[in-house]
Amino acid sequence: MQNIINLLENTIKSIKDSERVETHKLTETLRDLQRKLRKEVFVSKSKEARLLAFFLNAYILSIFSNLFIDTPDDEEDILRPQRQEFLKKISMLFPEISSKLKANNKVEIFNILADMVALYAETINKINLKDMSKGGRHEIH
Amino acid sequence: MKYIKRELLDPADEFCLKIFKAGLKNSEYVLSNGLPSKDYFDLDEAILGRSENMFETTEEFVKRLVQKVKELDGQHHFDRIAFIDKGGQGPVGLIFLAALIYMTVRKEALIIRPFKELHRSRVKGRPIRSGEKILILSDVATEGNTIFSAAQVIWDFGGKVPCALVFYDREQGAGENLMKKDIELISLRARETLKKNPEIAEKQYDAPKKIKELERPFVFPTLDLIEM
């Protein structure tokens, strides 16, 4: 589990080191974290560390394949603020996971992961609803 | 409306049978819908796996396909052809043929990504205009779920889907299911017809399945590969 904590700590440091919150800087940091977490899924000796690495890896991949996916250029105005807000919030959750891992507080870790999923789903829903308000024909299925 | 099976290829077309012989796999698989299947057809493999006459084979296959698409167009007057991207790999089963097909048919194409969560990202290409008639082109039909999901995206934008053309119909309910949604499923070839060909039946349908493939120990990819 220490490896995961180290990875999260490095990520937090990298985010703090950037002078201002830039989307590309955060996404690069997240991608770097995801690649390292994917390795952990296969090499970690701890089942719990594997579980966490697997979840976070899949979570970050979902972010990139859905929330940051290519979309028509003329509609970027809807996405940009939502994406930035999402990144800001998700960045704030990493220190929390790290501190709960250090304290080995499993219930709290679970709660933070649940918050992450809620944040992801809410962001996707917000964007889709905003689409509809702009006259799109999309519906939430 | 009652579903009536419709296949476009001439049963005597030996050339297309070659493609099916190369693409049909005699083994056991789990399909993307989770169902087990002994009936697997891989079009990309059928094209790329042929080391002899690969270019001629592809060219001939596309010629026949284009002819059939044009015949369907004469009936429905499509505005565009839609390819389906199920998981970010490009048009399912058509990765190597999609551009060739729409360029030769001379119809504007689009890619539908029905399983993306942002609705705006489900269509690649010019936005669908209300009333546009779109032909969905895919490799294999099983129960029709993927085609239906793609059609739903097109309907969301106000487009129309009178029919879908697949290379191979496993005849596991897709035709009937899609007809309930007013989409006619048309195939180049369906399972029961291919089974009537003795050579294909012997190789694909009647032969014992190569289940040994499933008994091989699974080896995780090396870390170098994972990193890539």
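# A quick tour of the chain B sheet and its surroundings

Chain B has an open sheet of 6 strands, laid out in the order S7-S6-S5-S8-S9-S10, with mixed pairing. Strands S7 (123–124) and S10 (184–190) of chain B sit at the edges with a single partner strand each, so one side of each has no neighbour in the sheet. Keep in mind that this is a predicted model.

- Strand S9 of chain B covers residues 163–169 and pairs with S10(B) in the parallel sense, over 6 bridges.
- On the S8 side, S8(B) and S9(B) also run parallel, joined by 5 bridges.
- Strands of a sheet pair through backbone hydrogen bonds, either parallel or antiparallel.
- B:Leu165 is a handy landmark: it stands opposite B:Leu137, and also opposite B:Ile186 in S10(B).
- The chain then crosses from S9(B) to S10(B) by way of helix H6 (residues 174–179) of chain B, a β-α-β crossover that is right-handed.
- Another pair of residues facing each other is B:Ala164 and B:Leu185, the latter in S10(B).
- Is S9(B) largely enclosed by the rest of the structure, or left open? Because 7 of its 7 residues are buried, S9(B) is largely enclosed.

**Helices around the sheet**

- S8(B), helix H5 (residues 145–156) of chain B and S9(B) together make a right-handed β-α-β unit.

**The largest pocket**

- The largest pocket has a volume of about 470 Å³.
- It is lined by 23 residues, and the closest to its centre are B:Ser32, B:Lys86, B:Val140, B:Thr142 and B:Arg170.
- Which element gives the most to the lining of the largest pocket? That would be S8(B), with 4 residues.
- Strand S4 (40–41), S8 and H5 of chain B each supply at least two residues of the lining.

**Over in chain A: Thr123**

- A:Thr123 belongs to helix H5 of chain A, which spans residues 106–133.
- Is A:Thr123 buried or exposed? Its relative accessible area is 5%, and the cut-off for buried is under 20%, so A:Thr123 is buried.
- Leaving aside residues up to four places away in sequence, A:Thr123 touches A:Leu67, A:Gln82 and A:Phe86.

Note on methods:
Residues numbered from 1 in each chain as written. Chains lettered and ligands numbered in written order. Predicted model: local features only at pLDDT ≥ 70, side-chain atom pairs only at ≥ 80, totals over all residues. Heavy atoms only, no water. Pairing = 2+ DSSP bridges. Buried < 20%, exposed > 50% of the residue type's maximum accessible area, 1.4 Å probe, protein only. Contact = heavy atoms within 4.5 Å. Right-handed = clockwise from strand over helix to strand, strands pointing away. 1 Å grid on protein atoms, 1.4 Å probe; cavity = no way out; pocket = protein on both sides within 12 Å on 5 of 7 lines; lining within 4 Å. Points joined across faces, edges and corners; volume = space filled by probe spheres on them.
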